[in-house]
Amino acid sequence: MEKCIPPRSVFGKQCFGDLNIPTGPKCRHVCEAAIAVGYKLLALNTPVVATSCLPQKPGGGKKAKKRKLEEKTGGILSATAAQTGQDGVPPPKRQDWIADLMEKHKDVRILQRLTVIFYDINHLQTVLSQENVALYEIIAVVPTNHEALVSCVISSLVFDVISFDIEGPHWINKVKLNRQKGKVAAEKDVHFEITYSPSFHGDEPLENMVYIADRLKEDICTRKIKNIIISSGASAPDEIRSPQNVLGIGYLLGFDETTTRICIREHVERIVKKGDSRKFGKSWVAFTPTEQKEKVVE
Amino acid sequence: MVRLRHRYLVTEYSVTDGRDSEADNAAIRSSSVLEALTNSIRRLHGVHGVAVSKAGLLVKYINNSTQILFIRMRRSACSLVSSAIPFIRQVDGKSVTFRTIYTGATINHCNKFLVKYQRKILQEQYGSLKTDLQRQYFQRDLDKLKPYSVQLGST
């Protein structure tokens, strides 16, 4: 069983956080760049596609043949299964440099995050009920169509963040939620995420990012924004921006300075605390009586 | 009659090419920075953004050895320009990233901040030295920075 390390600096000074650093070959350099510009809470993101993590039925047949063919050709949907060599959600990658970085910078915390890309709520339910999901501190979902978005907001499934793939093949095309559903999401403490580094790669991701922000601000979230976070999604060290530059990006998204600062500080801390309570909160306390000397009252 | 009010962004840049960043490779020109900044504003805010920010937009100071530059703009265009800075990726054909470290109302304020910031960096480097000999050589090199000599260590 994995050793549970209690969270540190829970009551410490508020700090900036970036909850979307994709695991990749340059992950360590991205983390070092993020720490250098002032982020203290980081989360390494492991994306999985829900259909590739569903338990496979035993036996052969057309689906098994199709799966083998996809594994040979290296199809997108089976990439995760091919890497792990097994069905289901992979466990988080534990690497030595994470402990070294946290040892070097005492006030930095590096977490593990799972992102599930899905189009059917039943697939998401099956994936989130697997054992390895409990090993991650933060759970995020990426709905790929409008029905998936609505159903994941209304459902009683436990996750922390709803994110959008603004650059890749899983772009949702239309975000249409009303204020009531936004209120439901806020009450469940589910946050919406906006990533900024894909917008450096072209005009279409930039347009998608501004579209998401506009929809969240105008239609979904209330006047006082309670559940939006801004993260990088940076796959290279030069895509990380300092908190002060993120304030400038917030102006582009239509948020004022105070709101942007809250989106990269308070809301991030709330997500981390929620993840900690999910992981460490299930415990019991025993009260045992101590020996008491009988007092003789004269 | 009120005076024209400006804002100065103190920005640190880093050249992120694959080669070792030597002094020549890391040198960029102020005119190229201004051109890249204007293109970024045009891409994000269109013709209106360029027109509003053009007046008073200037790279006031650039230091290629410390990789610090001061960008001046009108106060009304400060949010516009600071929102365009994160999206600059190339200057003079080199892959460059900018990081805003301070926003000041006058050059004096920016200078005062820069002195404190660079002193803090020097103190961190001084603290990371392990032997007395290394510290002596470090202090000797700092004393050569005439007319400004910086004293570090416990005072």
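Predicted model: local features only at pLDDT ≥ 70, side-chain atom pairs only at ≥ 80, totals over all residues.

Colleague: Let's go to chain A. What handedness does the β-α-β unit of E1(A), H1(A) and E2(A) have?

Modeller: Helices (H or I, at least four residues) and strands (E, at least two) are DSSP runs, numbered from the N terminus. E1(A) and E2(A) run parallel, joined by five bridges; two strands pair if DSSP finds at least two bridges between them. A crossover gets its hand by viewing with the strands pointing away: clockwise from the first strand over the helix to the second is right-handed. The unit of E1(A), H1(A) and E2(A) is right-handed.

Colleague: Which residue of E2(A) stands opposite A:Asp18, and how enclosed is that strand?

Modeller: Nine of the eleven residues of E2(A) are buried, so the strand is largely enclosed by the rest of the structure; buried means under 20% relative accessible area, exposed over 50% and partly exposed in between (1.4 Å probe, protein chains only). E2(A) also runs parallel to strand E3 (residues 109-118) of chain A, with nine bridges, and there A:Leu44 faces A:Gln112. As for A:Asp18, the residue opposite is A:Leu42.

Colleague: Which strand of chain B do the buried residues of H1(A) pack against?

Modeller: The buried set in helix H1 (residues 27-37) of chain A includes A:Cys27, A:Val30 and A:Cys31. Within chain A, the buried residues of H1(A) pack against E1, strand E2 (39-49), helix H4 (96-104) and H9, with contact meaning heavy atoms within 4.5 Å. In chain B, their partner is strand E5 (94-104).

Colleague: A:Cys27 and A:Cys31 are both in that helix. How many disulfides are there over all chains?

Modeller: A disulfide is a pair of cysteine sulfur atoms within 2.5 Å. The closest cysteine sulfur to that of A:Cys31 is in A:Cys27, at 4.4 Å, too far for a bond. A:Cys221 is in no disulfide either, with the nearest cysteine sulfur, in A:Cys263, 8.7 Å away. Over all chains the count is zero.

Colleague: Why do the buried residues of H10(A) sit on the same side of the helix?

Modeller: In helix H10 (residues 257-264) of chain A, the buried ones are A:Thr259, A:Thr260, A:Cys263 and A:Ile264. They're on the same side of H10(A) because they cover an arc, taken from the directions from the helix axis to the C-beta atoms, of only 125 degrees.

Colleague: Now the interface. Which three residues supply more of the area that chain A buries against chain B than any other three?

Modeller: The contact takes 19 residues from chain A and 21 from chain B. About 1600 Å² is buried between the chains, 55% of it from carbon and sulfur atoms; buried area is the accessible area (1.4 Å probe) that two parts lose on being put together, summed over both. On the chain A side, 32% comes from A:Asp238, A:Asn245 and A:Tyr251.

Colleague: And chain B's sheet: which strands stand at the edges?

Modeller: Five strands form an open, antiparallel sheet in the order E2-E3-E1-E5-E4 (chain B). Strand E1 (residues 6-15) of chain B is joined to E5(B) by eight bridges, with B:Ser14 facing B:Thr97. Those with a single partner strand, so that one side lacks a neighbour in the sheet, are strand E2 (58-63) and E4 of chain B.

Colleague: Last one: is A:Asn173 buried or exposed?

Modeller: A:Asn173 has a positive phi near 70 degrees, though the residue isn't glycine. A:Asn173 lies in the loop between strand E5 (161-162) and helix H7 (179-187) of chain A. With a relative accessible area of 60%, A:Asn173 is exposed.

Terms used: Residues numbered from 1 in each chain as written. Chains lettered and ligands numbered in written order. Heavy atoms only, no water.
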